[in-house]
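Here's a quick briefing on charged side chains and how they pair up. Have the structure open while you read.

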Amino acid sequence: MFDGSPSYSSEWFSDRPLAQGEEPPLGAHVVSPRLGYLHHGIYIGRGRVVHYAGLSCGLVRGPVQAVPLSSFAGGRRVATRCSKRRSYDAAEVIRRACSRLGENRYAVLSNNCEHFCEWCLYGEARSYQIERLLAWLRPPALARDLN
């Protein structure tokens, strides 16, 4: 990862930091570090990102919204998440992201910004960060019993 915090890269993706003033490709999955997690969004062009605001601006839950890239970043660095797999082309990713504008059903464990982006890109709502957190929290004996 690009900010020194725990890595979330896997065999499926890697993060590439954007240079100062660089614009992501259309339909790109963009990430920006927050305290203890990465915030996710979809770049739709003209300097705008669609993201699940969720808790990105504090303790008040926010809807899916389109914001300037600078607002999405919140003064932090931004990277594009490069994937080795992709289900949809850029136009469809953007259409899917925009189809959920205004949705306000944020849930940190089951419908967060990463779930949103994974759904836009691959059709499956998923959060690798939550999966890693839950695996870390699961007692070793329980993990053995589940396997």
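What follows is a short tour of some salt bridges and of how exposed their partners are.

Keep in mind that this model is predicted. It contains seven salt bridges.

**A pair in the buried class**
- Glu103 and Arg100 come together through their side chains in a salt bridge, at 2.8 Å from N to O.
- Glu103 is buried, and Arg100 is buried as well.

**Pairs in the partly exposed class**
- Arg16 is bridged to Glu22, with 2.8 Å between the closest N and O atoms.
- Arg16 has a relative accessible area of 36%, so it falls in the partly exposed class, which runs between the 20% limit for buried and the 50% limit for exposed.
- Glu22 lands in that class too, because its relative accessibility is 27%.
- Over at Glu131, the side chain meets that of Arg126 in another salt bridge, again 2.8 Å from N to O.
- Glu131 sits at 35% relative accessibility and therefore counts as partly exposed.
- Arg126 has a relative accessible area of 26%, so partly exposed is the label here as well.

**To recap**
- For the buried case, look at Glu103 with Arg100.

Notes: Residues numbered from 1 in each chain as written. Predicted model: local features only at pLDDT ≥ 70, side-chain atom pairs only at ≥ 80, totals over all residues. Heavy atoms only, no water. Salt bridge = Lys/Arg side-chain N within 4 Å of Asp/Glu carboxyl O. Buried < 20%, exposed > 50% of the residue type's maximum accessible area, 1.4 Å probe, protein only.
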